[in-house]
Amino acid sequence: MAGFCLFGAIVLFAQDWQNATSLPAVDLSGLTPAQQAKALRALRTEGCSCGCEMKVAECRMKDPGCSFSRGLASVTVDAIKKGKSEAAAIAEANASKYAHPPEHKLLDDPVTIPTANSPMTGPANAPVTLVEFSDFQCPYCYKAVAELNAILKAYPTQVKLVFKQFPLVDSHPQAAISAAAALAANQQGKFWEMHDLMFANHGKLSRQGILQWAAGLGLDMKRFTIDLDSPAIKQALQKDMQDGEKAGVDATPTVFIDGQRYNGSLTLQAVKPVIDGELKKLAGKPQAKGRG
């Protein structure tokens, strides 16, 4: 399962999950010091089942809204409270409903996503359209760049990619300014160049860095600086976010294939059968007759 940055997630940087003696929504009361140590050790070593690729304790700290890490932690702690060994508590958690997230459809029902004036790469007449809602500070979105590029390379005439902004401002403080910078660069025809630079530097985004990269791209800096803070850019950014929310986007990256939310891995191996299925479906449709 692919990893995602969640809409509204609160990232708690103040504490190190590997050393914290308390975790969000994990009730350690009633445990002896030895049992607490045992429970925390189990939560630091066992992985969360939500697909985030984090340990349970790490997920509790970085994504306290995750119901899977919360459930796994609860089962583990309760088992240890009843006197079970660490191994037995882990086994009980792994046998619980929280260890197996519910199966999702690979493709949801199609929705309409406005794409006019959004940055696009690939042939304009490509039969299959990918729409990505993304956040420049999201590490999973950074990983998705190479995966989406591989898909475009594999389907050079059949797939196009549309980029929509969805900065998770609650957890990524530089996401909004980065989204505005991408839109401002798009005003001068340099969206994808700025896109690549910001994702390559997703761990050190800042206004100062963005201005330096913009200058390096040869942008008209007076125009870029004005656009960066302009009402028009703010409105365009808000429009993308509203489009995402209407389409049910709650995490990044979220990719739609011909309007259908795709819920699987973004690797070429995983996406290829889906795109091939779309192409086959489109090939089977009767061609519309032209009007005289």
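Modeller: Contact means heavy atoms within 4.5 Å. Keep that cut-off in hand as we go through this predicted model.

Biologist: Which residues does Ser-69 touch, not counting residues up to four places away in sequence?

Modeller: Ser-69 touches Cys-48, Val-56, Cys-59 and Arg-60. Ser-69 is found in helix α3, residues 67-81. Helices (H or I, at least four residues) and strands (E, at least two) are DSSP runs, numbered from the N terminus.

Biologist: What does the side chain of Ser-69 make with the side chain of Arg-60?

Modeller: A polar contact is a pair of N or O atoms within 3.5 Å; within protein, one must be able to donate a hydrogen and the other to accept it, and residues adjacent in sequence count only if both atoms are side-chain atoms. The side chains of Ser-69 and Arg-60 make one, at 3.0 Å.

Biologist: Is Ser-69 buried or exposed?

Modeller: Buried means under 20% relative accessible area, exposed over 50%, partly exposed in between (1.4 Å probe, protein chains only). Ser-69 has 0% relative accessibility, so Ser-69 counts as buried. Of the 292 residues in the chain, 46% are buried.

Biologist: What ground rules apply to the numbering and the values?

Modeller: Residues are numbered from 1 along each chain as its sequence is written, and side-chain values use heavy atoms, with hydrogens and water left out. In this predicted model, local features need pLDDT of at least 70, side-chain atom pairs count only at pLDDT 80 or more, and totals for chains, interfaces and linings use all residues.

Biologist: What pLDDT does the chain average?

Modeller: pLDDT is the predictor's confidence in each residue, from 0 to 100. The chain averages 91, and 92% of the residues score at least 70. Over residues 9-14 the pLDDT is below 50, and this stretch has 11 contacts beyond near neighbours in sequence. Residues 288-292 also have pLDDT below 50, with zero such contacts.

Biologist: How many cavities of 30 Å³ or more does the structure hold?

Modeller: Rolling a probe the size of a water molecule over the atoms shows where empty space is left. On a 1 Å grid over the protein atoms alone, a cavity is a set of points where a 1.4 Å probe fits but cannot get out, and a pocket is an open set with protein on both sides within 12 Å along at least five of seven lines; lining residues have an atom within 4 Å of a point. The structure holds one cavity of 30 Å³ or more. The largest cavity has about 70 Å³ of space; grid points are joined across faces, edges and corners, and a volume is the space filled by probe spheres set on the points. Its lining includes Val-56, Leu-72 and Glu-46. α4 (86-94) gives the most to this lining, with three residues.

Biologist: Which residues lie nearest the centre of the second largest pocket?

Modeller: Ala-116, Asn-117, Ser-118, Leu-183 and Ala-236 do, among 18 lining residues. The volume of the second largest pocket is about 320 Å³. Helix α10 gives the most to its lining, with six residues.

Biologist: Where is there a cis peptide bond?

Modeller: One joins Thr-252 and Pro-253, with omega about -5 degrees. Pro-253 lies in the loop between β5 (251-252) and β6 (254-257).

Biologist: What is phi of Asp-258?

Modeller: Phi is near 50 degrees, a positive value in a residue other than glycine. Asp-258 is found in the loop between β6 and β7 (260-262). At 24% relative accessibility, Asp-258 counts as partly exposed.
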